[in-house]
Amino acid sequence: MTINTHQHIIKTKYKTTAKFYDLLDWPWEFFVYRKLRPQILDGISGKVLEAGVGTGRNLVYYNRNVDLIGIDLSFEMLLRAKKRQKLARCNVNLIEADATNLSLFNSNYFDWVVSTFLCCVMPNNLQSIAINEFARVLKPGGKFKLVEIVYSNQPGLYRKQKLMSAYVEKVFGAKFDRNTLEVLSSNKDLTITSTKFIKDDTYLLIEGSKK
Ligand SMILES: C[S@@+](CC[C@H](N)C(=O)[O-])C[C@H]1O[C@@H](n2cnc3c(N)ncnc32)[C@H](O)[C@@H]1O
């Protein structure tokens, strides 16, 4: 898929989805994500880029010593994130930008790059462009944490995910069969230091650093 097509699809989709996002996502947020987010954001400090910040669900969990730039392709999602900005303990700047083009930011600038449920929304070819950009803007030794949802190997859970997959793709543009780990592994400037499931065998936390 081309960058322009992806931008068009996501911007159009999230114009509508943004209106209902927090409502639609509420059961997952309440029962799953609100327990995972503090765990994901633990230990993050300094200059941080959050890519695909969405409605700003992570903002409240960042430590005080974070200077955060949150980007998203969707203006409407960012409007909602702006309402959560005042709940954050850290300095937050929210900017409409595409993760595949971070030309707004200098190379070797960020201490951390974070994204939750972004790559599952991006086709593999665009993930590799975004991940190249993450590598470029990270300082040498800078770290990243990405969280993605993947298909379970448990038959019951896999069946439920399969049943949900058309809805998830239609409403969020997300798919559970993206190859984020492979894309990250093939980036020459990044090292993966840890991969672990933080819930079931579906919520995958990938951590690493820039060489
Ligand atoms: C499933 S939502 C996740 C939102 C948030 N990270 C969370 O944890 O709730 C995916 C978000 O990624 C954004 N997005 C998709 N492609 C993007 C891109 N290329 N650059 C920046 N944001 C993107 C969407 O607009 C949407 O807000």
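This is a predicted model: local features need pLDDT of at least 70, side-chain atom pairs count only at pLDDT 80 or more; totals for chains, interfaces and linings use all residues.
Which helix gives the largest share of the shell around the ligand?

1. **The shell around the ligand.** The answer is helix 1, spanning residues 3–41, which contributes five residues to the shell. In total, 20 residues surround the ligand, and the closest are Gly52, Asp72, Asp98, Ala99 and Thr116. Sorted by class, the shell holds twelve nonpolar residues, five polar residues and three charged residues. The ligand itself sits in the largest pocket.

2. At Gly52, a backbone N or O atom lies 2.7 Å from a ligand nitrogen. Asp98 uses its side chain: one of its polar side-chain atoms is 2.8 Å from a nitrogen atom of the ligand. On its own, the ligand has 600 Å² of accessible area, of which the protein covers 98%.

3. **Ser74.** This residue belongs to the loop that links strand 2 (66–72) to helix 2 (75–85). With a relative accessible area of 0%, Ser74 falls under the 20% limit and is therefore classed as buried. Its side chain reaches the backbone nitrogen of Met77 at 3.0 Å.

4. Asn58 is placed in the loop between strand 1 (46–51) and strand 2. Is Asn58 buried or exposed? Asn58 is buried, because its relative accessible area is 2%. The side chains of Asn58 and Arg37 are joined by a polar contact of 2.8 Å.

5. **Leu36.** Leu36 is part of helix 1, the helix that also supplies five residues to the shell around the ligand. Leu36 counts as buried because its relative accessibility is 6%. Between Leu36 and Tyr203 there are 167 residues of separation in sequence, yet the C-alpha to C-alpha distance is 9.4 Å.

6. **Asn124.** Helix 3, residues 124–137, contains Asn124. Its relative accessibility is 28%, so Asn124 counts as partly exposed. Asn124 and Leu190 are separated by 66 residues in sequence and by 17 Å in space, taken from C-alpha to C-alpha.

7. Most residues other than glycine have a negative phi. Against that background, which value does phi take at Asn108? Phi of Asn108 is near 55°, a positive value in a residue that is not glycine. Asn108 lies in the loop connecting strand 3 (91–96) and strand 4 (110–116), and it is partly exposed, with a relative accessible area of 41%. Asp200 also has a positive phi, of about 45°, although it is not a glycine. Asp200 is located in the loop between strand 6 (190–199) and strand 7 (203–210). Its relative accessible area is 40%, and Asp200 is therefore partly exposed.

Key: Residues are numbered from 1 along each chain as its sequence is written. Side-chain values use heavy atoms; hydrogens and water are left out. A residue is near a molecule or strand if one of its heavy atoms lies within 4 Å of it. A polar contact is a pair of N or O atoms within 3.5 Å; within protein, one must be able to donate a hydrogen and the other to accept it, and residues adjacent in sequence count only if both atoms are side-chain atoms. Accessible areas come from the Shrake-Rupley method with a 1.4 Å probe; for residues, only the protein chains shown count as cover. On a 1 Å grid over the protein atoms alone, a cavity is a set of points where a 1.4 Å probe fits but cannot get out, and a pocket is an open set with protein on both sides within 12 Å along at least five of seven lines; lining residues have an atom within 4 Å of a point. A molecule sits in a cavity or pocket if more than half of its atoms lie within 2 Å of its grid points. Helices (H or I, at least four residues) and strands (E, at least two) are DSSP runs, numbered from the N terminus. Ala, Val, Leu, Ile, Met, Phe, Trp, Tyr, Cys and Pro count as nonpolar, Asp, Glu, Lys and Arg as charged, and the others, Gly among them, as polar. Buried means under 20% relative accessible area, exposed over 50%, partly exposed in between (1.4 Å probe, protein chains only).
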